[in-house]
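Student: Could we go through this one together, piece by piece? I would like to keep the definitions in view as we talk.

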Amino acid sequence: MRYITIALAKGRLAKQSMKILNQLGIRCDEMNDPDTRKLIFEDQEHGFRFFLAKANDVPTYVEYGAADIGIVGKDTIVEEGRSLYEVLDLNLGKCRMCVAGPASAKESLNNGSLIRVATKYPKIAKDYFNNTKHQTVEIIKLNGSIELAPIVGLSEVIVDIVETGSTLRENGLEVLEEILPLSARVVVNKVSMKMEQERITKLINDMSAIVS
Amino acid sequence: MNKRLFTTPEGVRDIYDGECKRKLDLETKLRAKLHLYGFEDIETPTFEYFEVFSEERGTVKARDMYKFFDRDGNTLVLRPDMTPSIARCAAKYFKDEKGPVRFCYCGHTFINNSEYQGKQKETTQLGCELINDSSVIADAEMLAATIDCLLEAGLKDFRIDIGDVRFFKALIAESDLDEERIRILKNFIVDKNSFGIKDLLKDENISEELKNILTNLPQFFGGVDCLDKVSSMTGNKDALLVFDHLKALYELMKVYGFEKYIGFDLGMISKYEYYTGIIFHAFTYDVGEPIASGGRYDNLVGQYGKKAAAIGMTIVTDKLLLALSRQGLLSKDTDKPVEIISSERSQSDAVKRAVELRREGKSCTITYNN
């Protein structure tokens, strides 16, 4: 039997996804060992292989077929824009992609003036402002602590993931507009879906039964 | 020394050593196969006027083409796709021909897509086009030629999935979805994203039957039995005609003895807008993308001035070779040329020997060694 390779986005999501897979009898105890230096883990009995990757890289692994299946957030899928099948919403890690900023920035979003937008997600931000809002913006790509940008005057607003909104509130910012709802998704390589149709479809149906 | 003298630009590469020979051998074999189907060789220019490939033709997006200007200021492009060129030829040179015209080709295509790092921008495509024939036999011949070529190449484990763009068109004609919705819906179908479709159609004023079939469209792929399953779900007359066509096609594939390679995927929508009937992709293990694709394009040749039905297929030879090598199906080259060592005194003997060997069809080299 060929191995079906699953790429998991490192972190909380990987743990939650493994829990779902455990419920299906797919086990990989080695993965829970915090001291392991291994990069790839196997469940020989069921013919599955797993590896952990940086979230942004999961769609790439799946597009090229290096992984047959990937589990990753919708934000990464949209930002990377890879050619994949997006077959299941795991309803995990639910949050929203939002435009946020100080309340005073609200007006600049409505009058179409040129504003600066700081974000980790330049593609999503650009697409939203150009194609949905038809507003000319300057996008500033940052790699972390996006909330800082409007406070220190680097940008008027930010585009970022908002879960509870408490970080925003603590820094005097608020959600100004919602771009899209987010959650973890199962993505599948387009060729693997066809070549391993039976096993992959079964896995997805089983996972779907657990999460819905 | 200038670094640029050593490297090639991103997305293009040198092909050398055994790989080049394997590639040429493969191309020769596949062309010979296509000749058995009556396809005649054709070569078209590497670059053409932009208009041949422009947006309305429904090929590659304009921004993904390599564009440049000639002395008169005309915009030229390196061909991103072979089919429009062949369609243009057919319209020009066979304007009054009523009977079928068959072409096969092998050439380089160029797509300038910076987002696809790790993908080649120059690829070799080998394929064929059958013009002036709208019959199901023509569809079947095209599929059979594709399968025959893949088998000839030595591939064993592969699958060809057939879809039909008319199916989605027929379904959507029933609804009054606006253009933007249809665009989003298409993207969801391409991504096999059922939950997205469900969400999109939730508040739309369309029949439950249609909602149901559209939501499940991403799952409508598999063997021939999936056709019956789906046809029982719809009363749409045009959609049902598509099923009749696909079933007739499947019956013919059985006659060729190729049915085990055939699958169906009704949720297949091509990125090329020019397709009007069946479309298909060939898949195999170890390469994450289709190794061959094709489809029917009955309106394209007309855009160049001759109304004619047509169908074609393309094999991406680079991908096919990659699949063969990853699956360990490439034959090892064993016949190295005979080496004749010559010293100053034996030069004429060495040359005589070489001429002799070559006359017998054996390859040999002369190495000077004093």
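Student: Which strands does helix 5 of chain A lie across?

Tutor: Helix 5 of chain A lies across strand 6, strand 7, strand 8, strand 9 (157-162) and strand 10 of chain A, and runs at about 170 degrees to strand 8 of chain A. Helices (H or I, at least four residues) and strands (E, at least two) are DSSP runs, numbered from the N terminus, while axes are lines fitted to C-alpha atoms, for helices over the stretch in contact, with angles from 0 to 180 degrees between N-to-C directions. Please keep in mind that this is a predicted model, in which local features need pLDDT of at least 70 and side-chain atom pairs count only at pLDDT 80 or more, whereas totals for chains, interfaces and linings use all residues. Residues are numbered from 1 along each chain as its sequence is written, and chains are lettered from A and ligands numbered from 1 in the order in which they are written.

Student: What order do the strands of that five-stranded sheet have?

Tutor: The order is 8-7-9-6-10 in chain A, an open sheet with mixed pairing, where two strands pair if DSSP finds at least two bridges between them. Strand 8 and strand 10 (174-182) of chain A are the edge strands, each pairing on one side only, and from one strand to the next the twist averages 25 degrees.

Student: And how many bridges join strand 7 to strand 8 of chain A?

Tutor: Five bridges join strand 7 (residues 115-119) to strand 8 (residues 137-141) of chain A, and the two run parallel; A:Thr119 stands opposite A:Lys141 in strand 8 of chain A. Together with helix 5 (residues 122-132) of chain A, these two strands make a right-handed β-α-β unit, right-handed meaning that, with the strands pointing away from the viewer, the path from the first strand over the helix to the second runs clockwise.

Student: Are strand 6 and strand 10 of chain A parallel or antiparallel?

Tutor: Strand 6 (residues 95-101) and strand 10 of chain A pair in the antiparallel sense, over seven bridges, and the bridge partner of A:Val99 in strand 10 of chain A is A:Glu177.

Student: Where are the domains of chain A?

Tutor: Domain 1 of chain A takes 4-93 + 183-211 and domain 2 takes 95-181, with bounds from an automatic or database domain assignment. Their centres, taken over C-alpha atoms, are separated by 30 Å. Six residues from domain 1 of chain A and seven residues from domain 2 of chain A form the contact, which requires C-beta atoms, placed from the backbone, to lie within 7 Å.

Student: Over to chain B: how do helix 7 and helix 8 of chain B cross?

Tutor: The axes of helix 7 (residues 194-201) and helix 8 (residues 208-216) of chain B come within 8 Å and cross at roughly 155 degrees. These two helices of chain B are therefore roughly antiparallel to each other, the term used for angles over 145 degrees.

Student: How many residues of chain B are in contact with chain A?

Tutor: 15 residues of chain B are in contact with 14 residues of chain A.

How values were computed: Contact = placed C-beta atoms within 7 Å. Parallel < 35°, antiparallel > 145°, perpendicular 65-115°, else oblique.
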